[in-house]
Amino acid sequence: MDSQPEDTAISNASRRSRGRPRKTEDERDEGNRRQTLMHAAAKLFRQYGFAATSTRDIATAAGMRSGSPFYHFENKEALLAGVMHEGMQSALRRQTAAMDGAAAAGAAAGQKLSARECLRVLVRNHLDVLLGPDSDFIPVMLYEWRSLSEAQRSEVNRLKADYEAAWVPVLQALHASGELRGDPGLARLMLFGALNWSVQWFDPGRQASLDDLTQTTLLLFLKDLS
């Protein structure tokens, strides 16, 4: 094969030299460090409260130097917003996966999910978001809301609205069928109020399972038309 002309080779070499350099090991691990930092912050904010938790406490819990959090977040308030934002994004992903998985299972069985079964999936998934692994962000969001700026609250509210939007047509369908007691909008607020409060009293060592809580929720809010 003939060798490349000199000017072509130089041009190719120049393009390669201008390409993005390979990331260092620390840069490749930056996303993981950020996640570790937010998980540590969420646990401490939940346990001790936002005001009583210092960035030094968070850094120590995350296995970092005291100044490392400021590499990822401008200040403690930005870290709090990051905890809530990431938590809601994760909740959205989990809810979508739960609904898609239930729909796929139903289709494989030749059945379409009823509105009642859709609500069961939504409630069960929400309980897992509230009480399952990596659930610290929910209590933090509920009780540290005022520590966010107006712009930060607006962004988290947008994610909350996206999350709750999946419940609206399900509750409307249940109301239309006569299964839902009360106005769908009010029922949605009552549902989330009741479910979210479970973070205060649920003890997996002494209380019922999440499946039991799901069934009880459906019995409380829906009529049995069978």
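**Figure 1. Overview of the chain and its helices.** The chain has twelve helices and zero strands, where helices (H or I, at least four residues) and strands (E, at least two) are DSSP runs numbered from the N terminus. This is a predicted model, in which local features need pLDDT of at least 70 and side-chain atom pairs count only at pLDDT 80 or more, while totals for chains, interfaces and linings use all residues. Residues are numbered from 1 along each chain as its sequence is written, and side-chain values use heavy atoms, with hydrogens and water left out. Of the 226 residues of the chain, 36% count as buried, a term that means under 20% relative accessible area, with exposed set at over 50% and partly exposed in between (1.4 Å probe, protein chains only). The accessible surface of the chain comes to about 13,800 Å², of which carbon and sulfur atoms hold 51%; accessible areas come from the Shrake-Rupley method with a 1.4 Å probe, and for residues only the protein chains shown count as cover. Among contacts between residues at least 6 apart in sequence, 74% join residues at least 24 apart, contact meaning heavy atoms within 4.5 Å.

**Figure 2. Packing of helix α6 with helix α9.** Helix α6 (residues 76-108) and helix α9 (residues 150-165) pack at an angle of about 10°, their axes lying 9 Å apart; axes are lines fitted to C-alpha atoms, for helices over the stretch in contact, and angles run from 0 to 180 degrees between N-to-C directions. The two helices are therefore roughly parallel to each other, the class for angles under 35 degrees. Residues that make the contact include A81, M84, M88 and L92 of α6, together with V156, L159 and Y163 of α9. By class, this contact has nine nonpolar, four polar and four charged residues, with Ala, Val, Leu, Ile, Met, Phe, Trp, Tyr, Cys and Pro counted as nonpolar, Asp, Glu, Lys and Arg as charged, and the others, Gly among them, as polar.

Figure 3. G87 is found in helix α6 and, at 6% relative accessibility, counts as buried. G87 and A42 are 45 residues apart in sequence, and their C-alpha atoms are 9.5 Å apart in space.

**Figure 4. E179 in the loop between α10 and α11.** E179 lies in the loop between α10 (167-177) and α11 (184-201), and is buried, with a relative accessible area of 14%. The side chain of E179 is joined to that of R116 by a polar contact of 3.0 Å and to that of S177 by one of 2.7 Å; a polar contact is a pair of N or O atoms within 3.5 Å, where, within protein, one must be able to donate a hydrogen and the other to accept it, and residues adjacent in sequence count only if both atoms are side-chain atoms. Not counting residues up to four places away in sequence, E179 touches R116, L174, F221, L222, K223 and L225.

Notes:
Angles under 35 degrees count as roughly parallel, over 145 as roughly antiparallel, 65 to 115 as roughly perpendicular and the rest as oblique.
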